[in-house]
Amino acid sequence: MNTTTAADNVAVDADNSTSPLLVVEDIHTSFMVPGGEVKAVRGVSFELNQGKTLGVVGESGSGKTVLARSVMRLNLGNNVITSGSAKFRGSNILDLRPKAMQKLWGNEIAMVFQDPMTALNPLVKVGRQVTEHVRHHLGISKKEARSLAIDLLNEVRIPEPENRLDSYPHELSGGMRQRICIAIALACEPTLLFADEPTTALDVTVQHQILNLLNREQETREMGMVLVTHDLGVVAGRTDETMVMYAGNVVEKSSTKELFEDMQHPYTEALFRSIPKTNERSHTRLTAIAGRPPDLIAPPSGCSFSPRCPYVQQKCREEEPPLIPVNNGSHFSACWFPVGTEENQEAFRKNVAAGLPQTLVIEETLTKSSEKEDGV
Amino acid sequence: MAGSGKAHLRPEDETLIRVEDLVVEYDIPGGDTVKAVSGISFDIKAGETLGLVGESGCGKSTTGKALIQLPKPSSGSVKHNLVELTGLSSEAMRRRRTDLQMIFQDPISSLNPLRKVEDIVAEPMKIWGPKDKSKQQEMVDNILDAVGIDPEQARGKLAHEFSGGQCQRISIARSLILDPEVLICDEPVSALDVSMQAQILNLLEDLKKKYHLTLVFIAHDLAVVKNISDKVAVMYLGKLCEVAQSDELYENPAHPYSKLLLDSCPEPDPTVVIDQTVSDDDELPSPINPPSGCRFRTRCPFATEICSTEEPQMEEIRPNHYVACHHPLT
């Protein structure tokens with residue numbers, strides 16, 4: 001058994017602690033299918049510092065999970081094409097051989113998956129699943145592994161950890177299973193954690209507990225964390241930065257606080273408007289996003305959100321907007337007519353006048369809600 | 001409550017659906033009984049939307065199914081238009097189900113992927129509808145149009161060619177083709193993306209007006225339930241905790257469980273301070289052996305002696321706001 005740690009094997013720039021933990025540059029991932037090439041991720045770049053959290057938000061099919069899996073090198077099969085680079089502590093993960101990758105997985109980079117029911121092996125007792133990779137990576141004895149497992153289960157607040165080690169996953173509730181998955185991910189003390197929709201399959205109360213748990217562990221261990229979710233409510237209070245994805249592209253990226261205060265991209269605004277909120281009166285009309293996400297085999301020309309956008313102009317259909325800084329420079333958005341600008345208002349008025357259906361729907365909802373407010 | 005009581009029920013002749021002391025229990029191997037629903041009472045007026053909310057395992061779906069006698073409840077009464085459904089023969093109940101329709105959580109698995117959309121939507125009419133084929137066709141086209149599916153394009157397509165959101169529209173079309181009075185929606189948007197969710201919620205509101213429907217809306221997402229419901233009932237482990245108009249309940253939750261649910265709800269607002277102190281490891285107790293007295297007491301921060309010995313009863317704490325708790329929040 002190899003007892004050395006990944007740090008010895010992977011070129012790690014230990015002195016350079018100020019450089020970002022993870023630098024992803026221009027990642028493209030495609031799947032070759034009988035119908036053509038599905039361009040799931042189309043040129044995504046981001047940086048993540050140690051101890052920071054990044055939220056990745058988007059609808060199904062926006063490429064957020066494929067992005068996480070591309071960086072983790074988990075897209076298996078010979079129909080996958082990934083290009084670009086993902087530098088983890090200075091070395092490009094995408095160039096590593098499978099053997100070297102095995103030393104990173106679980107040890108340096110870990111992942112928590114969406115469905116805790118299927119992420120665990122139903123025929124293996126929890127105790128072995130929690131420590132299997134620890135024994136592999138750190139070469140500790142069975143006894144040491146067991147006491148480590150008890151510590152971990154305590155840490156993720158599983159009651160009676162000694163007894164739970166001998167349970168099978170099906171004997172535990174969904175929330176407990178997700179806690180086990182988190183314990184597995186934390187076991188080797190990784191420096192980077194991907195959480196892919198970790199609470200989507202769970203109840204609100206359990207979701208709250210699991211998100212608190214992830215936050216606490218991320219802070220005490222100073223991990224970098226990428227939180228992938230479709231729920232703007234989940235990223236709002238829990239991430240430092242947020243990246244909004246649509247059709248495989250990043251359409252907006254900013255500190256989470258600023259993103260919610262000053263939305264620039266019409267898609268971010270549309271996502272936000274479409275969610276029901278508990279502080280709105282009941283029967284408040286929701287502003288649904290017209291249409292459906294685009295076909296990723298043949299994405300629309302120009303801006304990929306243009307067919308659904310209420311502010312769309314001719315330019316949007318022809319030219320793809322670049323992701324450029326707005327305001328202070330740490331806020332990026334890819335839109336020719338950003339929300340809140342004069343040009344945007346002008347585009348909206350033009351579309352109302354031209355009778356564009358997706359614009360009229362928004363206009364109608366806005367007038368109705370302002371009428372209601374006046375009435376109250 | 002998680003307690004009992006009927007103080008919140010309205011006069012019987014004003015309501016379309018009236019449920020009293022509904023109990024649903026399942027025997028499982030080993031001689032145990034799962035007490036899925038343990039004596040709940042509620043009523044719904046014609047044209048009202050009642051939201052049923054609670055965690056998984058609280059019995060909300062079981063309650064929805066018990067309304068249409070699938071399966072027949074273990075005891076208690078379910079009345080539709082003053083007619084007792086639990087006593088009906090299976091044939092009489094079959095006839096009555098044309099007025100009580102249901103849509104389900106997973107829109108894709110609730111449609112046969114290999115059947116044509118027009119056949120799926122027309123199926124109920126084979127038994128109950130007009131026998132005239134062209135009349136049937138016209139009704140299918142009308143209802144597809146009403147749920148926002150283009151009948152020209154969709155009619156001949158197979159169900160698996162549609163996305164989740166469209167499948168849910170088709171399910172809704174199928175449930176409405178016989179012009180029911182009551183539509184029971186069991187988590188109809190939880191499998192959908194936020195953008196589809198908003199479309200389906202708006203659609204249900206529109207159809208409710210157009211077809212004068214009464215809705216029972218079952219969901220675990222509090223924001224969704226508030227948006228669509230006139231009245232909300234909070235369930236916990238087979239019991240009702242709190243019943244009130246939705247705005248009132250969300251502004252002034254009186255049951256500690258309702259408060260817990262609301263505090264857990266993620267708000268899309270980064271300035272909201274997240275409560276990190278919410279107890280971290282409590283779990284729903286087993287419905288096989290529920291706690292004595294108030295069923296919520298094992299997780300309740302305010303529980304005292306009386307909570308374990310006496311089951312709280314529904315009481316009106318504000319006009320039309322009922323709560324079953326010994327220590328309601330004020």
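Reader: What makes a side chain of chain A positive or negative here, and where do the centres of the two sets lie relative to each other?

Author: Lys and Arg count as positive and Asp and Glu as negative, with His and the chain ends not counted. Each charge is placed at NZ of Lys, CZ of Arg, CG of Asp or CD of Glu. By this rule chain A has 38 positive and 47 negative side chains, whose centres lie 6 Å apart. In chain B, the mean positions of the 34 positive and 51 negative charges are 7 Å apart. This is a predicted model, in which local features need pLDDT of at least 70 and side-chain atom pairs count only at pLDDT 80 or more, whereas totals for chains, interfaces and linings use all residues. Residues are numbered from 1 along each chain as its sequence is written, chains are lettered from A and ligands numbered from 1 in the order in which they are written, and side-chain values use heavy atoms, with hydrogens and water left out.

Reader: What does the corresponding test give for chain B?

Author: Chain B has 11 helices and 12 strands. For its 330 residues the globule rule gives 20 Å, and the radius of gyration is 21 Å, which is close, so chain B is also as compact as a globular protein of that length. Its C-alpha atoms fill a box of roughly 65 × 50 × 45 Å along the principal axes.

Reader: What share of the residues of chain B is called buried?

Author: Buried means under 20% relative accessible area, exposed over 50%, and partly exposed in between (1.4 Å probe, protein chains only). By that cut-off, 56% of the 330 residues in chain B are buried. For the 376 residues of chain A, the share is 53%.

Reader: How do you know which parts of chain B form its domains?

Author: The bounds come from an automatic or database domain assignment. Domain 1 of chain B spans 12-99 + 180-193 + 213-323, and domain 2 spans 107-179. Their contact (heavy atoms within 4.5 Å) takes 11 residues from domain 1 of chain B and 9 residues from domain 2 of chain B. The C-alpha centres of these two domains lie 31 Å apart.

Terms used: Helix = DSSP H or I, 4+ residues; strand = E, 2+ residues; numbered from the N terminus. Rg over C-alpha atoms; globule rule 2.2 N^0.38 Å.
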